[in-house]
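Dear colleague,

I am passing on the structure we spoke about, and my notes on it follow below. Please read them with the model open beside you.

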Amino acid sequence: MRDNASALFRATFGVAPRAAASAPGRVNLIGEHTDYNGGPVLPVACAVRSVVAVGPGEPGVLEMVSTRDGHVTRIDYREGRPSGWGAYLAGVMHELVALGAAPLEGGARVAVTSDVPVAAGLASSAALTVAAAKALSLLAGVGLRPRQLAGVAFRAEHDHVGVRCGIMDQMIAALARPRQALLLECASLAVRHIPIGGCLLLVDTGVRRELAAGAFNERRAECDAAVARLKNELPELQWLASWPAAWLPRLKRALPEPLRSRALHVVGETARARFGAQLLARGHLKRFGELLYESHESCRRLYDCSAPELDTIVAAARRAGALGARLTGAGWGGAVLVLLGQGDGGRGKGEAKVVREIRDAFAAAYGREPAISTVHPSGGARREAVR
Ligand code: GLA
């Protein structure tokens with residue numbers, strides 16, 4: 001389905017596209033709500049992707065079609081802020097113009113196909129913006145480096161659409177390597193690729209987080225407020241994630257609720273993600289899995305970003321003997337990541353038991369089955385053939 005961006009372009013605009021590119025969705029292994037606090041994250045790209053096919057258009061005009069809405073939307077992206085997914089593409093165009101990497105005269109026709117589910121915690125917007133940045137810059141004859149693509153996509157979403165996201169989703173969509181996780185330190189943007197063992201399952205609750213943009217920005221504001229207060233204790237503090245772990249009693253004294261809980265999550269999650277990356281690199285999957293459970297508990301209790309459906313799945317995975325499980329992405333709905341040992345993967349008995357117990361527990365509580373798939377850690381943004 002997603003490979004048909006070229007065909008959709010032809011069918012819609014009556015000519016062949018000039019360039020196409022794709023970028024993946026992502027699953028974050030650990031380090032949740034740490035990116036915009038200057039901490040580490042450890043995502044993998046998954047096999048679902050967005051594909052964007054592009055061709056020249058009228059100056060200043062974006063003509064866009066996607067299989068999701070099926071009709072052509074036409075916007076002058078220089079005027080005001082468009083609504084819906086056009087806002088993301090308009091943001092990408094603005095940023096490419098600023099970099100000198102936009103198609104001549106700054107207009108384009110765009111066709112999008114995607115199998116990244118929207119609002120499921122898999123970063124569909126970053127898959128779209130990174131793929132669009134790559135396709136449109138190729139149309140302009142400019143080869144942007146992966147970090148430049150991530151920067152364009154990040155500023156499109158953060159500065160133009162107004163979701164105060166961190167940089168994780170765009171960086172993994174641009175820099176991912178097959179079968180590897182990406183340890184990204186979000187304050188320095190230092191990266192390390194880490195081969196991953198074990199088998200990863202994704203269990204989608206089907207709960208879509210319509211309200212998440214609001215809740216997400218609220219959490220960010222709470223983190224900013226916590227930093228402002230903690231500067232009284234440590235004037236040079238820039239990022240919440242940089243608060244020294246040894247000073248937790250001081251943090252607790254300095255902050256009222258809910259800022260205290262939010263900050264405790266960020267500081268704890270920062271330590272867990274760094275330790276987790278070391279464990280993963282050394283193949284210590286069992287201890288890594290325990291950290292995933294701890295991370296979920298911290299998201300639930302301290303950051304208050306879980307949902308009953310997510311908790312049901314994590315509890316069932318633990319009862320069934322999975323090495324680890326946690327909500328992945330912003331939370332409030334979306335999906336749970338489950339880690340199984342190497343021997344449990346494929347058609348192993350361990351996997352079958354975990355899947356069955358999760359299905360049964362979820363069906364008993366909610367009267368329907370969650371979608372369960374295997375995560376295949378994949379590569380980042382790439383050029384696609386134009387057909
Ligand atoms: C969303 C944001 C990311 C990150 C996660 C939470 O996916 O886009 O930048 O903050 O939530 O870890």
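A polar contact, as used here, is a pair of N or O atoms within 3.5 Å; within protein, one must be able to donate a hydrogen and the other to accept it, and residues adjacent in sequence count only if both atoms are side-chain atoms. This is a predicted model, in which local features need pLDDT of at least 70 and side-chain atom pairs count only at pLDDT 80 or more, while totals for chains, interfaces and linings use all residues. Residues are numbered from 1 along each chain as its sequence is written, and side-chain values use heavy atoms, with hydrogens and water left out.

For the ligand, a backbone N or O atom of Gly166 lies 2.9 Å from one of its oxygen atoms, a polar backbone atom of His33 is 2.7 Å from a ligand oxygen, and a polar side-chain atom of Asp169 is 2.8 Å from a ligand oxygen. Taken alone, the ligand exposes 310 Å², of which the protein buries 94% (Shrake-Rupley method, 1.4 Å probe). The residues that surround the ligand, including Arg26, Tyr36 and Phe216, each have a heavy atom within 4 Å of it.

As for the cysteines, the search of the whole structure finds zero disulfides, a disulfide being a pair of cysteine sulfur atoms within 2.5 Å. The sulfur of Cys305 is 4.1 Å from the closest cysteine sulfur, in Cys299, and that is too far for a bond; the sulfur of Cys223 is 11 Å from its closest, in Cys305, again too far. Cys223 is buried, at 1% relative accessible area, and Cys305 is buried at 0%, where buried means under 20% relative accessible area (1.4 Å probe, protein chains only).

Best regards

Key
Buried means under 20% relative accessible area, exposed over 50%, partly exposed in between (1.4 Å probe, protein chains only).
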